[in-house]
Amino acid sequence: MKRYLFFALCLCAFSFAQAQTFNYTGLEIKQEKVKKKNVYEWDQFIMANYSPGFVRSHTMHSFGLTYGRVKLFGFYVNAMLGTGFNYGYAHSSWYGRINDIYPFYTGKNSFNRASFTAGGIVRMVIPLYFYAGIGYGYHSYTKQISSGEWVRIEDSSVNHGMNWDMGLQGNIKGFTISAGYSVLTDYDYVTLHEVKIGLGYTFKVK
């Protein structure tokens, strides 16, 4: 009787040890799978950008480049330029008047815009990213008068201000596209609102 009892106890102990080994092994496999899901490699991306902008009743266009790196979190930098390059001016005007006189305008207008923005970008598990940044920007609207001089129209010019930037970015097998919103403001009279679209490529960091 004692011999049977001893064998039964040994069999129970062996079964318990096997169960513990199985559970521990299963736990290790499960933990390993979780770790693999959270491992990301560094990617870098470069995009060409286009932005239609709206300030008061005017519409303007800007072009630029974006470069960045991201793992789970990362960074990006962006530079934009408008299509006008008449940053210099001889006169400043409110509502078209110079010293309370309306000069003769030739019809040549220039939207001058430049900005530099830097910010952070975060991976949202799937190949979709959210980015947000802040930087410096300048915008002016100038018009030419009959003398050949340029006049800055103050009521339609942001001048120096803060540039805020945010949006979403997607990556499918290297093909990268982004869409976001940008605003340039001097916190005074005029604000430039823009829709920013990007198209480019994402590749691994070597």
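Which side chain does the side chain of Lys196 join through a polar contact? Keep that in mind, everyone, and I'll answer it in a moment.

Before that, a word on what we are looking at. This is a predicted model, so local features need a pLDDT of at least 70 and side-chain atom pairs count only at pLDDT 80 or more, while totals for chains, interfaces and linings use all residues. Residues are numbered from 1 along each chain as its sequence is written, and side-chain values use heavy atoms, with hydrogens and water left out.

Let's begin with the overall layout. The chain has 1 helix and 10 strands; helices (H or I, at least four residues) and strands (E, at least two) are DSSP runs, numbered from the N terminus.

How confident is the predictor? pLDDT is its confidence in each residue, from 0 to 100. The average for the chain is 85, and 82% of the residues score at least 70.

Of the 206 residues in the chain, 37% are buried. Buried means under 20% relative accessible area, exposed means over 50%, and partly exposed is in between (1.4 Å probe, protein chains only). As for contacts, meaning heavy atoms within 4.5 Å, residues 24 or more positions apart account for 65% of those with a separation of 6 or more.

Now back to our lysine. Lys196 lies in strand β10 (residues 191-204), and Lys196 counts as buried because its relative accessible area is 4%. The partner I asked about is Asp165: a polar contact of 2.7 Å joins the two side chains. A polar contact is a pair of N or O atoms within 3.5 Å; within protein, one must be able to donate a hydrogen and the other to accept it, and residues adjacent in sequence count only if both atoms are side-chain atoms. Leaving aside neighbours within four places in sequence, Lys196 is in contact with several residues, including Asn49, Tyr50, Ser51, Met80, Tyr131 and Asp165. Take Ser51: it is 145 residues from Lys196 in sequence, yet the two are 4.5 Å apart in space, C-alpha to C-alpha.

Strand β10 also holds Thr202. Thr202 counts as buried because its relative accessibility is 9%. Its side chain makes a polar contact of 2.5 Å with the side chain of Thr176. Not counting residues up to four places away in sequence, Thr202 touches Asp43, Gln44, Phe45, Asn171, Gly174 and Thr176.

On to the rings. A search of the whole structure finds 6 aromatic pairs. Rings of Phe, Tyr and Trp (its six-membered ring) pair if their centres lie within 6.5 Å; planes under 30 degrees apart count as stacked, over 60 as edge-to-face and the rest as tilted. Phe111 and Tyr141 have ring centres 4.7 Å apart and planes at 15°, so this pair is stacked. The pair links distant parts of the chain, with Phe111 in strand β5 (residues 105-123) and Tyr141 in strand β6 (residues 128-145), 30 residues apart. Both Phe111 and Tyr141 are buried. Tyr201 and Phe203 form another stacked pair, at 5.9 Å centre to centre with 20° between the planes. Here Tyr201 is partly exposed, at 46% relative accessible area, and Phe203 is partly exposed too, at 33%.

One more ring to look at: the charged end of Lys143 sits over the ring of Tyr105, 4.5 Å from its centre. A charge sits over a ring if NZ of Lys or CZ of Arg is within 6 Å of the ring centre and within 35 degrees of the ring normal.

Finally, a backbone detail. Most residues other than glycine have a negative phi. Asn99 has a positive phi of about 55° although it is not a glycine, and Asp100 also has a positive phi, near 65°. Asn99 lies in the loop between β4 (91-93) and β5, and Asp100 lies in the loop between β4 and β5 as well. Asn99 counts as exposed because its relative accessibility is 70%, and Asp100 is exposed with a relative accessible area of 69%.

How values were computed. pLDDT = per-residue confidence, 0-100.
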